[in-house]
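The structure I worked from is below.

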Amino acid sequence: MEASDESIAAGNGVLGQRMLRKEDPALLTGEAIFTNDMKVPGALYMAVLRSPHAHARIVSIDTSAAAALDGVHSVYSGADLADSWAAPMPCAWPVTDDMKNPAHYPLAVSKVAYVGDGVCAVLAVNDSIAHDALDLINVEYDVLPAVIDLEKSLSDVIVIHEELGTNRSYTWPLVIEDNEGDCQKAMDESAYVVKERYIQQRLIPMAMEPRAVVALPQPFGGDMTLYSSTQVPHILKVMTALTLGIPEHQLRVVCPAVGGGFGSKLNVYAEELLCVQLAQTLKVPVRWNEERSENAQATVHGRGQIQDIELAADENGKITGLRVRLIGDMGAYLQLVTPGVPLLGAFLYGGVYQIPKAFDFSCTSVFTTMTPTDAYRGAGRPEATYAIEHAMDALARKMNIDPLVLRRRNFIPKEAFPYEAYTGLVYDSGDHDKAATIAENILDYDAMRAKQAAQNVEGSTKRLGIGVSTYFEMCGLAPSRVLASLNYSAGGWESATVRVLPTSKIQVVTGTSPHGQGHETAWSMIAADKFGVDPSDVDVLHSDTAIAPMGLDTYGSRSLPVGGVAVGLACDKVIDKARKIAAHQMEANEDDLEFAGGMFTVKGSPDKTMALAAVAFEAFTAHNLPDGLEPNLEMQVTYDPPNFSWPFGTHMCAVEIDTETGNIEVLQYVAVDDCGNKVNPLIVDGQVHGGVIQGLAQALFEEARYDEDGNLLSSTLAEYLVPAASDVPPITVGESVTPSPTNSLGVKGVGEAGTIGAAPCIMNAVVDALSGLGIQDIQMPASPLNVWNAIQQAQATNQENNA
């Protein structure tokens, strides 16, 4: 399935156009229905009492006063429901055979393990009464010490889950060495070695729409419909059935409009299971809506790592060895893919560089008394890219050479692709020098360096810094056999059904589940291009397991390179079937028919034609079909890719730092993200802009902070700083297209690309600006206070050294 630049425009020219999103009118006019907008007569409202302690035994619970409140229907503790669960809450990624995984239930039974852990559920006739009742529940706790420091957690002085005997969940090594490469030998014998420690602070995803759930039981028969603001309706359906013991065929999951997810809604949450379980028991609808402060405690956090990286290079700066040691913060429990998140980046610590087989990686993940972590935009890939790209700048400083020059000395050259990496994975395509050159030209890199030299002189209070980062992204999460080798519980395939209706309108049914990505627009463009129709004649159906029963949903930048390709292949199968019907109708040989612009023509007989619309009606009536051919134009494809998708790129930026206040101003930001062929460049640009802003947010703004007792200090937007529109710098998107050779559309993922490149780019610029003051690193976020403190400490150190 070779793809080329021309392949994207092989149809009627729809692909590659900057078409406005079909989804937006409903969102902009308020017509879109979100889960909490739904009107459900007779529903009971659920509120959850959450632990105020990070680590405590539950001594007793008195719910009598809450239950007596007018308007309260019932109150349940964890002990009340303990016998009703068929299984604990699911973790779908047991990364090692001996991984420790404490049983986790929707409500705590005997012990709480983080502030926000659910203790009781109240059902009432409205939301206000349900929350009022929470204040009337009396819980007696035996408070235990909190564990929020990862290295102290490793010591097992305080064991959070006594039944495990340790706070260590697993250790996962990946050592790649051969006769020509040995990591320790490289460290001992290389001309340069840098040893760095980086902290990936915890982040709160903070989607615009908090989570919401409605569980709607049918009046008879046992069927249940679960409405949820989820990214993963199909996965949620399977896991809910397994956890609650509900026959899967009696469960339908629907996600209406979803106001962002960023990975946080890639999960199976306690509140979803509670609503379904209580609705099933009581035979009435049960609903729940998350408040913002509750969201900060009860929805998963992202990142959370200590990274120790050692990078060895020869006298020319060529990398000779790489060692990585991670400590991963799992939080109190393992959610759906928690343990696998640090390992998604394990294969990318070598970045875009020619890494010899002298690689030594190990990740030890531990439990803490904090909110569980899980996937957050990029999920392991931003962490890995940050480590290698920040270390490359440290190496460049040690060698006293330009960081872009150092990178170019180590780039995998274009002619080497497809390239078998040191890990054994095959990078399908890349042109890193091209992407770097485009970014370099847009930023006017040499002129910016000259300006920096003139500006960053002794006594200057405004210092200029230039940041560079490059990346490879392993996305698409496929093929399924590779996921099996990593102990992942699901596959990497995706399903699509395409049908041409009797009136010639097109329906596309997809197993992907969008929450802002623009699938309705992009999928309709793929089908319109294939069939030669207008995109407005294509309807895309999704996010309902009754309408789209087969699918693996949306995460990991998989939608287009897996789900979109499945749509294209299903269209091809429909055209093949239509060709058989058209050939039969026109009494021609199938091989003599050409299809373009919605019309079949016979080679050499241009006047002999049959429109797809006519074929569709003939398929519907079935009056004159070839023998053995089924009526109707409908085909289904389940596509399992042969390889991951490998987008790549280069980001550059210029920042100016006020040394008197620590304030950082991003003067210019350039993102060159190569995602192969672009179905809709407008959507691509939007995804890149959003991703850059989230990476910038980690670098400069966001941090989930806890005190020593395990209390979350940043539980509202008054304490957790997210960038406003006024904080976003000018972003210039550069154009680089390197089609993927592994799928028929030549496409790659792009949803997480901006996030992966942005944080190291910004932080490299910050350190670049301040390195002349003796500052070699600043941990994220580089807030004005953190930067000012680093400057003061550096000045004090310099004064001591000069004394």
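I counted a salt bridge wherever a side-chain nitrogen of Lys or Arg comes within 4 Å of a carboxyl oxygen of Asp or Glu. The model is a predicted one, and my search of the whole structure returned 35 salt bridges.

I looked up Arg-211 and found that it forms a salt bridge with Glu-290, with 3.1 Å between the closest N and O atoms. Arg-211 sits in the loop between β8 and β9 and Glu-290 in the loop between β12 and α9, so the pair ties together parts that are 79 residues apart in sequence. I noted that Arg-211 and Glu-290 are buried.

I then turned to Arg-323 and Glu-310, whose side chains meet in a salt bridge at 3.2 Å, N to O. This pair links strand β14, which holds Arg-323, to strand β13, which holds Glu-310, 13 residues apart, and both residues are buried.

My next pair was Glu-752 and Arg-381, joined by a salt bridge at 2.8 Å, N to O. Glu-752 lies in the loop between β28 and α20 and Arg-381 in helix α11, 371 residues apart; I recorded both as buried. I also traced a network in which salt bridges with shared partners join Arg-50, Arg-211, Glu-271, Glu-290 and Glu-294.

Last, I checked Thr-545, which is found in the loop between β21 and α17. Why do I list Thr-545 as buried? Its relative accessibility is 6%, and buried means under 20%. The side chain of Thr-545 reaches the backbone nitrogen of Val-253 at 2.9 Å, and the residues that Thr-545 touches include Pro-233, His-234 and Arg-252.

Conventions:
Residues numbered from 1 in each chain as written. Predicted model: local features only at pLDDT ≥ 70, side-chain atom pairs only at ≥ 80, totals over all residues. Heavy atoms only, no water. Helix = DSSP H or I, 4+ residues; strand = E, 2+ residues; numbered from the N terminus. Buried < 20%, exposed > 50% of the residue type's maximum accessible area, 1.4 Å probe, protein only. Polar contact = N/O pair within 3.5 Å; in protein donor to acceptor, adjacent residues only side chain to side chain. Contact = heavy atoms within 4.5 Å. Lists of a residue's contacts leave out its neighbours within four places in sequence.
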